[in-house]
Amino acid sequence: MNELRGKRGILAVIALLIIGIGFLSSLFELAGNVRPGVSQIYNSLAHLVAPNNIATWVYDWRGYDTLLETAVIYVGAVVSAMVIGRGVVQMKSCPQEPPAQSKPLEFHIETLTVILKYLGLPAAILLFSYGIMVVTASSTSGGGGFQCGVIMTAAYLLAAIFYGKNNPIRFGKRFIIGIGAAGLGGYTLLGLPGFLTTGFWQYNIGADVWGIAPSIMRFIFGEPFRLSLVLKEGVFFSSPGIIPLINVAEAFNVIGAIGLIYFAFIYGWQEE
Amino acid sequence: MTTIPSNLWSIPLIVAIPLLAAIVVNALYDKRAIRYISIISALLTLGISIISPYGYHWFTGHPAFDPTTFTFTFDPGIPGFRLSLEFFFGPMQQIMIVISSLILVFCVIMATSGLTKHQGPYLAMIFLLFASAAIIIMVNDLYHLWIAVEIGSLIVVGVVVGSGTSISHKAALKYAYFSAICGSGLAIALALLLGITGFPNVSDVVRVINIFGVGGMETILYISFGFFILSWMYAGGLAPLHPLKSEVYGASYPHATAVLQAQSKLMLVAIGIIMLRIFGTLPFVKEVMIFLSIITMMLGVVIALLQIDFRWIIAYLIISHSGLVTLGIALGTKEGIIGGIFQAVNDIIYMSVLLFCCEALYYFGGATSTRGSFGIAKKSPWLCAAVLLGAFAASGIPPFNGFQSEIILIQASINAGFPEIAVIILMVSVTTLIALLRAIYRIFLKPPENEVAANAQIPKSITIGTWLFIILTIIIGVYPDIALRFIVPFVEGGFLP
């Protein structure tokens with residue numbers, strides 16, 4: 001960062017100070033004065049979808065936002081891999097400098113302790129199982145597709161660190177790219193059923209809060225995920241609808257995205 | 001009751017088709033099918049944006065809450081608080097998206113025919129770049145605006161990195177580094193607005209501020225404006241952050257720069273109008289925006305004069321002309337905003353002409369340096385004619401489109417009480433012509449001193465694309481109403497129905 005030395009550096013520090021002071025003073029002024037606005041309406045309706053309000057916020061009310069945020073993760077991974085050489089293009093008609101190619105990391109697994117050597121694989125398998133549990137219980141707990149994806153790719157990285165390149169859960173690059181594409185593509189296409197039946201993209205036809213989805217669609221996307229809440233006042237039913245499916249798609253996307261970054265940095269990227 | 005739909009069919013498709021195309025071509029990586037999928041997807045997007053009616057789309061299908069009757073409604077004509085994420089496709093959005101998708105079509109054809117085979121990720125970035133631009137121009141929600149700017153910045157990095165040179169890597173990583181500051185800045189701005197008003201929808205924010213005020217928290221509104229300005233400068237390449245964007249334009253392949261500059265113009269228009277709607281009544285807001293615009297116009301064109309490569313001259317001229325776009329919006333008058341948006345449309349078109357001509361130079365071995373003289377005019381007279389016409393359009397010479405928007409901007413500046421700004425606009429036009437003619441003379445007209453490929457085969461897609469856009473510059477130049485009939489109702493109708 002030679003550009004930030006000297007006068008430019010001083011200017012950058014002053015700018016950051018101004019930004020920091022402005023931001024902090026705003027927070028102090030806002031304390032106790034925040035208007036609840038739309039959150040009051042969201043909270044009053046959330047119980048109609050899933051017991052977990054956060055899941056409803058993230059994947060229903062703001063589900064299209066979350067799709068784009070999911071795409072950010074996907075794009076981040078694709079761009080990271082491009083930085084180290086995947087998919088770099090050149091003009092056929094005009095020879096340029098050869099594109100950068102990254103070399104694989106060098107692994108030295110001989111120094112691993114016996115405990116780590118023998119407990120690493122069970123730990124990775126346990127992490128995988130935990131990831132599955134997190135994604136399948138996403139409508140009723142604080143977990144979700146993103147957490148599942150992060151946990152599973154942590155297992156993938158753990159296995160690579162413990163056992164080197166020939167570890168037992170070595171995903172191929174086609175598998176990783178495919179699972180990421182299936183995840184983001186699946187999440188995007190989950191908007192179609194609502195679009196085709198109600199005209200609203202990604203309307204949660206399984207939960208059907210506003211009663212505008214055909215009953216057959218409500219049955220197909222709602223019944224498999226139906227939840228009952230047993231209270232002393234009685235038993236209450238609701239369905240998160242397409243939220244569990246979105247969570248699975250999100251998990252696939254995150255596994256593909258973070259897995260691609262790990263893969264590219266561990267194994268390098270050499271074009272065939 | 002209103003007849004405007006809240007579930008317009010075309011809006012999700014304009015976003016979902018490029019998104020799905022990006023996923024598929026990235027996964028296919030180097031297969032031949034990439035070419036066909038890309039071209040069909042781009043043509044589909046163009047077709048949908050041409051035939052689409054106007055209206056809203058409330059993603060996830062939740063209705064608006066009407067606080068006067070305490071009921072929920074799917075009618076966008078009733079001013080209820082939006083529970084859903086709202087997009088609007090109107091005449092202004094239509095002309096912007098149609099032109100951007102036309103550029104996308106030619107960009108995709110040029111890329112698939114002219115680049116080496118591992119095109120999947122690169123084309124994925126091009127599609128996502130278009131999608132982010134379309135989202136930004138249609139979105140009426142602060143949170144989603146931020147996500148679109150955030151993903152847009154990341155995609156810009158991908159497009160530049162895909163060009164594979166050390167210069168492009170440096171430009172991309174620098175741009176990515178600053179996105180951490182400016183993207184976060186926009187997030188803070190919207191968080192502050194959410195805190196003051198409680199709503200992420202732009203129309204709801206404006207309504208709450210106008211009806212209930214901000215409870216003595218004007219300082220927060222100013223700080224939010226400051227962060228907005230930061231992201232505006234970053235996303236659109238305004239001074240003093242212009243080096244980031246000019247490096248991005250200069251380090252990419254020209255066909256990609258055509259899409260990049262379209263995305264920047266759409267960002268400048270969209271964020272500029274949102275800033276006017278939210279902060280426009282605050283003192284000094286328009287003055288700050290005008291000041292930034294003037295600095296950008298002048299710096300861009302002066303630095304363009306100093307460049308020794310045609311690509312970089314165009315890069316800095318794009319920056320300079322971005323200042324023209326923002327100037328019109330910053331004036332805040334109806335005439336000014338019409339001029340600003342019209343300038344954005346024209347700018348996208350004539351800069352694409354120049355960039356496609358620049359792409360053609362790659363088929364002469366990349367003869368873009370003004371230090372050499374290549375005599376391209378003799379080898380390809382049509383290319384020389386095209387680049388000259390593009391230069392005239394960019395310089396605001398009649399009967400090309402640049403003249404029509406610049407004359408509106410000049411009139412708007414004078415009517416707003418800033419005759420000195422009108423002089424600066426004239427100066428920018430003249431300097432643009434000088435910068436371009438200097439390069440054109442060296443590369444095209446001067447007797448050759450350097451060897452280039454004698455029988456370069458320029459793809460038909462470049463020839464057709466260049467002349468199609470030249471025809472557009474002339475048609476809009478002669479009949480400006482063709483474009484203005486999309487822009488005037490948008491501005492005079494208060495931006496959203």
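**What the labels rest on**

Analyst: Across the interface of chain B and chain A, the rule finds 1 salt bridge. Before we go on, this is a predicted model, where local features need pLDDT of at least 70, side-chain atom pairs count only at pLDDT 80 or more, and totals for chains, interfaces and linings use all residues. Residues are numbered from 1 along each chain as its sequence is written, chains are lettered from A and ligands numbered from 1 in the order in which they are written, and side-chain values use heavy atoms, with hydrogens and water left out.

User: How many residues are in contact between the two chains?

Analyst: 84 residues of chain B are in contact with 67 of chain A, where contact means heavy atoms within 4.5 Å. The area buried between them is about 6,700 Å², and carbon and sulfur atoms give 70% of that. Buried area is the accessible area (1.4 Å probe) that two parts lose on being put together, summed over both.

User: Why is Ser101(B) called buried?

Analyst: Buried means under 20% relative accessible area, exposed means over 50%, and partly exposed is in between (1.4 Å probe, protein chains only). Ser101(B) has 0%, so it counts as buried. Ser101(B) sits in helix 3 (residues 91-114) of chain B. Leaving aside residues up to four places away in sequence, Ser101(B) touches Thr45(B), Leu46(B), Ser49(B) and Phe130(B).

User: And why is Phe175(A) partly exposed?

Analyst: Its relative accessibility is 43%, so Phe175(A) falls in the in-between class. Phe175(A) is in helix 7 (residues 173-189) of chain A. Phe175(A) and Leu260(A) are 85 residues apart in sequence, yet 9.6 Å apart in space, C-alpha to C-alpha.

User: Which residues have the most contacts inside the largest nonpolar core?

Analyst: Met96(B) and Phe228(B), in a core of 247 residues. Such a core is a set of buried Ala, Val, Leu, Ile, Met, Phe, Trp, Tyr and Cys residues joined through side-chain atoms within 4.5 Å. Helix 13 (residues 334-361) of chain B gives the most to this core, 18 residues.

Methods
Salt bridge = Lys/Arg side-chain N within 4 Å of Asp/Glu carboxyl O. Helix = DSSP H or I, 4+ residues; strand = E, 2+ residues; numbered from the N terminus.
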